[in-house]
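Morning, everyone. Please have a look at the structure on the screen, and I will walk you through it.

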Amino acid sequence: MRRETITSVITILLCAALVLCLSACSSTPGGIPESQGAADGVKLIYYSNQEGTELITHEYRLHSEDFDGMLHELLEAFCAADTVDVRSALPDPVRINSAVTGINEIDVDFNVDYLSLDVISELLLRAALVKTLLQLPGVNSVRFTVDSQPLVIDEEEVGLMTEDTFIVPAGNGINSSRTASLTLYFPTGDGTVMKKESRTERYSSNVNKERLVIEKMLEGSDDREMLPVAVEGTLLQDVSVSNGYCIVDFSEEINAAPAGEVIANPETVLYAFTNALIDTCTEDRIIGVRFRIEGSTDVRFRDQVNLDRIFERNAELILPS
């Protein structure tokens with residue numbers, strides 16, 4: 001765990017302890033008992049494997065007997081993996097701003113970098129931290145916020161997470177995932193045409209397939225002949241489907257053309273996204289796609305393509321397999 005993260009958490013915990021002391025000089029029914037010890041003192045810390053695909057638990061023996069001390073210890077151990085075979089499920093540059101105790105719950109606030117996590121990393125972090133903190137005495141649920149705002153995924157507030165939110169079977173792999181066959185398209189050649197790329201991906205069951213498609217295309221192709229569709233750091237702000245139309249909202253970085261001797265035609269890039277969404281997300285019966293940048297359509301994509309329009313599937317730009 002980085003020094004600044006530890007310092008931040010310690011500061012917040014001390015503030016939370018002070019608030020608890022001022023507001024509850026005596027035991028409150030339903031509250032978290034600060035004096036309750038931790039059974040035999042051994043808890044499980046949930047880490048990620050080095051590949052970032054599943055959870056691995058390591059035992060940790062608590063030294064504190066009061067609640068705030070135990071919470072601090074678990075957070076410190078959670079952020080700093082203790083062996084070479086695992087890594088913290090809290091990836092850089094995500095930070096914990098605070099961890100505040102309520103009645104039978106803990107509210108954990110993250111910095112805004114949490115929103116840039118990919119699907120799998122986000123699910124691993126949530127599952128790992130929730131399952132770690134639920135071992136504390138009296139804690140029945142955990143809530144995440146980002147810069148003090150409720151965590152929202154696919155336009156739905158995540159809310160309180162409990163023991164039943166995540167299923168971790170034998171082997172510690174997260175079982176709340178699905179497998180999807182993706183049909184992606186990437187520009188190739190001189191950047192005016194695209195080539196199909198088929199993949200099979202596992203993804204979180206609480207993430208829609210449209211988001212998975214876009215995020216995988218933003219990551220780029222393994223084939224060096226394929227051209228990138230965006231610069232590194234481009235974020236998918238939002239994606240939704242309504243009445244057969246998919247609305248995709250990118251961060252402003254999408255307007256920067258990737259570096260290289262050959263750069264994909266802006267219109268080809270937009271049709272690559274469109275074709276991938278329509279061909280993969282067949283269950284949503286998408287007939288057209290609208291693109292936004294920072295919530296606006298009143299912009300020209302890379303100074304060339306007007307976004308105030310609906311894009312439909314374009315088979316003429318696809319190279320034969």
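Let's start with the whole chain. The protein chain has 321 residues, and buried residues make up 48% of them. Keep in mind that this is a predicted model. The chain holds 5 helices and 16 strands. Now take the contacts between residues at least 6 apart in sequence. Of these, 65% join residues at least 24 apart.

How far can we trust it? The mean pLDDT of the chain is 83. Also, 83% of the residues reach 70 or more. Over residues 1-39, the pLDDT is below 50. That stretch still has 58 contacts in the model beyond near neighbours in sequence. Residues 168-173 also have a pLDDT below 50. There the model shows 12 contacts beyond near neighbours in sequence. Where pLDDT is low, the predicted coordinates should not be read in detail. Let's move on.

Next, a hairpin. Strand E4 covers residues 96-101. E4 pairs with E5 in the antiparallel sense, over 5 bridges. Serine 98 stands opposite aspartate 109 in E5. How many residues sit between the strands of this hairpin? There are 3. Asparagine 104 takes a positive phi near 60° in this hairpin.

The structure holds 8 aromatic pairs. One of them joins phenylalanine 110 and phenylalanine 144. Their centres are 4.9 Å apart, and the angle between the planes is 70°. That pair is edge-to-face. Phenylalanine 110 is buried, with a relative accessible area of 0%. Phenylalanine 144 is buried too, at 2%.

Here is another pair. Phenylalanine 250 and phenylalanine 291 have ring centres 6.4 Å apart. Their planes stand at 10°, so this pair is stacked. Phenylalanine 250 lies in strand E13, residues 245-250, and phenylalanine 291 in strand E14, residues 288-293. So the pair ties together parts that are 41 residues apart in sequence. Buried or exposed? Phenylalanine 250 is buried, with a relative accessible area of 2%. Phenylalanine 291 is buried as well, at 1%.

Ring pairs link Phe250, Tyr271, Phe273, Phe291 and Phe311 into a cluster.

E13 and E14 pair in the parallel sense, over 6 bridges. Among the bridge partners, tyrosine 245 has glycine 288 in E14. And remember the side chains. In a regular strand they alternate between the two faces of the sheet.

Let's finish with H4. This helix is mostly covered: 10 of its 11 residues are buried. Among them are Leu212, Val213, Ile214, Met217 and Leu218. Let's pick arginine 211, in helix H4, residues 209-219. Why does arginine 211 count as buried? Because its relative accessibility is 13%, and buried means under 20%. What does arginine 211 touch, leaving aside its neighbours within four places in sequence? Its contacts are Asp154, Leu236, Gln237, Asp238 and Val239. Just after H4 comes glycine 220, with a positive phi of about 95°.

Terms used. Residues numbered from 1 in each chain as written. Predicted model: local features only at pLDDT ≥ 70, side-chain atom pairs only at ≥ 80, totals over all residues. Heavy atoms only, no water. Helix = DSSP H or I, 4+ residues; strand = E, 2+ residues; numbered from the N terminus. Buried < 20%, exposed > 50% of the residue type's maximum accessible area, 1.4 Å probe, protein only. Contact = heavy atoms within 4.5 Å. Phe/Tyr/Trp six-rings, centres within 6.5 Å; stacked < 30°, edge-to-face > 60°. Pairing = 2+ DSSP bridges. pLDDT = per-residue confidence, 0-100.
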